[in-house]
Amino acid sequence: MDSDRDQRDAEDVEASGLRSDTGRAIGFSDAVFAIIITLLMLDLRTPEVPPGGLLHALLTRWPVYLAYVTSYLYVAVNWLNHKGTFHRIRCTDRGLH
């Protein structure tokens, strides 16, 4: 009986607009993560070198590529943690937003 009443109370709160599905929050955060990953790419450029010198030019820029990979992995871990967190959340309210 109590579980039926709790479910009705939760439905009433959701119907009143105070709670909503997590789909919009997940979609928004996915877009933010996609923008962050895109911005990481802006620093990666192909060096202007004569023919035959590309490998050496790329090897001299190894700190830039290491920074990109490190940043990408950091963002990816945060994205996966965010997905895992929202997998456990059934609905959102103003405080969570």
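Trainee: Which residues make the nonpolar surface patch of about 260 Å²?

Mentor: This is a predicted model, in which local features need pLDDT of at least 70, side-chain atom pairs count only at pLDDT 80 or more, and totals for chains, interfaces and linings use all residues. Residues are numbered from 1 along each chain as its sequence is written, and side-chain values use heavy atoms, with hydrogens and water left out. Patch members have over 30% relative accessible area and no salt bridge, like charges being joined within 9 Å and nonpolar side chains (Val, Leu, Ile, Met, Phe, Trp, Tyr) within 5 Å; areas follow the Shrake-Rupley method with a 1.4 Å probe, and for residues only the protein chains shown count as cover. The patch is made by F28, V32 and I36.

Trainee: Is V32 buried or partly exposed?

Mentor: V32 is placed in helix α2, residues 23-41; helices (H or I, at least four residues) and strands (E, at least two) are DSSP runs numbered from the N terminus. Buried means under 20% relative accessible area, exposed over 50%, and partly exposed in between (1.4 Å probe, protein chains only). With a relative accessible area of 33%, V32 is partly exposed.

Trainee: Which side chains meet in a salt bridge?

Mentor: A salt bridge requires a side-chain nitrogen of Lys or Arg within 4 Å of a carboxyl oxygen of Asp or Glu. A search of the whole structure finds one. Its N to O distance is 2.9 Å, and the partners are K83 and D30.

Trainee: How many residues apart in sequence are the parts that this pair ties together?

Mentor: K83 is partly exposed at 29% relative accessibility, and D30 is partly exposed at 24%. K83 lies in helix α4 and D30 in helix α2, so the separation of the parts tied together is 53 residues.

Trainee: Against which elements do the buried residues of α4 pack?

Mentor: Helix α4 (residues 62-88) has 27 residues and reaches 39 Å from its first C-alpha to its last, close to the 39 Å expected at 1.5 Å a residue. Its buried residues include Y68, V75, A76 and F86. The elements they pack against are α2 and β2 (91-93).

Trainee: What pattern does the protein chain follow along the sequence?

Mentor: The chain holds four helices and two strands. Read along the sequence, their pattern is α-β-α-α-α-β.

How values were computed. Expected span 1.5 Å × (residues − 1). Contact = heavy atoms within 4.5 Å.
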